[in-house]
Amino acid sequence: MATLNIVTADTGDPVLRTRAAPVRKLTGELRRLLDAMVATMREAPGVGLAAPQVGISMRLIVVETPVDPEEPGGDTRLHKLANPEIVWRADEVAEDQEACLSIPGLYGDVPRHTAVQVEAMDVSGRPVSLALDGFEARVFQHEIDHLDGVLFPDRVTGIGKLYHLEQEDDGELRRVPYRGPRVSARA
Ligand code: NI
């Protein structure tokens, strides 16, 4: 499967900052797009990808996370969805590390709801309702943000929560504070 070019924030392409359009009908063409997004996500590699990240302003996401977060190389759960919407959020919020294929090299400790309920349309056009928690809930919140033009640096509580990772001689990863301007100021 051919992969797609990933739009990065440094290009200034407005597609990453645009609210994406809802999908009215999941055509064969859009199903092929979802498959190409899966191939692109796996090659990157990443755990999620939203259509605006491949230059298409439509409400489509793919997410693939480990069934057991303690076993990263094990079985995965793959979602290919249109019009995903968060219909419930847990009150509890937790911070954890995120990165984004559209912002290579930047990391952030991002607060996210620890559980969410997502309603969407699957590839057969049927409505689905997903009860998600932990890492999977985090990835869905990140990808659904992309559909509204929101990037993870918008969600951190301060610039001190953004950093790069550098590998030291002993192989350990060291956090290097992010010093540049925010990708884009947006509430
Ligand atoms: Ni992203």
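Reply: Two strands count as paired if DSSP finds at least two bridges between them. Strands (E, at least two residues) and helices (H or I, at least four) are DSSP runs, numbered from the N terminus. The model is predicted: local features need pLDDT of at least 70 and side-chain atom pairs pLDDT 80 or more, while totals for chains, interfaces and linings use all residues. Residues are numbered from 1 along each chain as its sequence is written, and side-chain values use heavy atoms, with hydrogens and water left out.

Angles are taken between N-to-C directions and run from 0 to 180 degrees, with axes as lines fitted to C-alpha atoms, for helices over the stretch in contact. Strand S6 (residues 115–121) runs antiparallel to S7, and 7 bridges join the two. Glutamate 119 has serine 129 of S7 opposite.

Contact here means heavy atoms within 4.5 Å.

H1 has 16 residues and spans 23 Å from first C-alpha to last, close to the 22 Å expected at 1.5 Å a residue; the expected span is 1.5 Å times one less than the number of residues. Its buried residues are Leu30, Leu33, Leu34, Ala36, Met37, Val38, Ala39, Thr40 and Met41. Buried means under 20% relative accessible area, exposed over 50%, partly exposed in between (1.4 Å probe, protein chains only). The buried residues of H1 pack against strand S1 (48–50), strand S2 (60–66) and strand S3 (76–89).

In the segment before helix H1 (28–43) is valine 15, which counts as buried because its relative accessibility is 9%. Apart from residues up to four places away in sequence, valine 15 touches Val7, Pro52, Gly55, Ile56 and Ser57. Isoleucine 56 is 41 residues from valine 15 in sequence, with 7.4 Å between their C-alpha atoms.

Another open sheet is formed by 4 strands in the order S4-S5-S8-S9, with antiparallel pairing. S4 and strand S9 (173–177) are its edge strands, each pairing on one side only. Its twist averages 40° from one strand to the next. Between strand S8 (residues 162–167) and S9 there are 5 bridges in the antiparallel sense, and leucine 165 has arginine 175 in S9 as its bridge partner. H2 lies across S4 and S5, at about 100° to S5.

The nickel ion has as protein donors Cys100 (SG), His142 (NE2) and His146 (NE2), at 2.1 to 2.3 Å. Cysteine 100 is in the loop between strand S4 (93–98) and strand S5 (107–113) and histidine 146 is in helix H2 (residues 134–147), so the pair ties together parts 46 residues apart in sequence. Cysteine 100 and histidine 146 are both buried. Along the chain the donor spacing is C-x41-H-x3-H. Donors are N, O and S atoms within 2.8 Å of the metal (3.2 Å for Na, K and Ca); water is not among the atoms, so sites may look incomplete.
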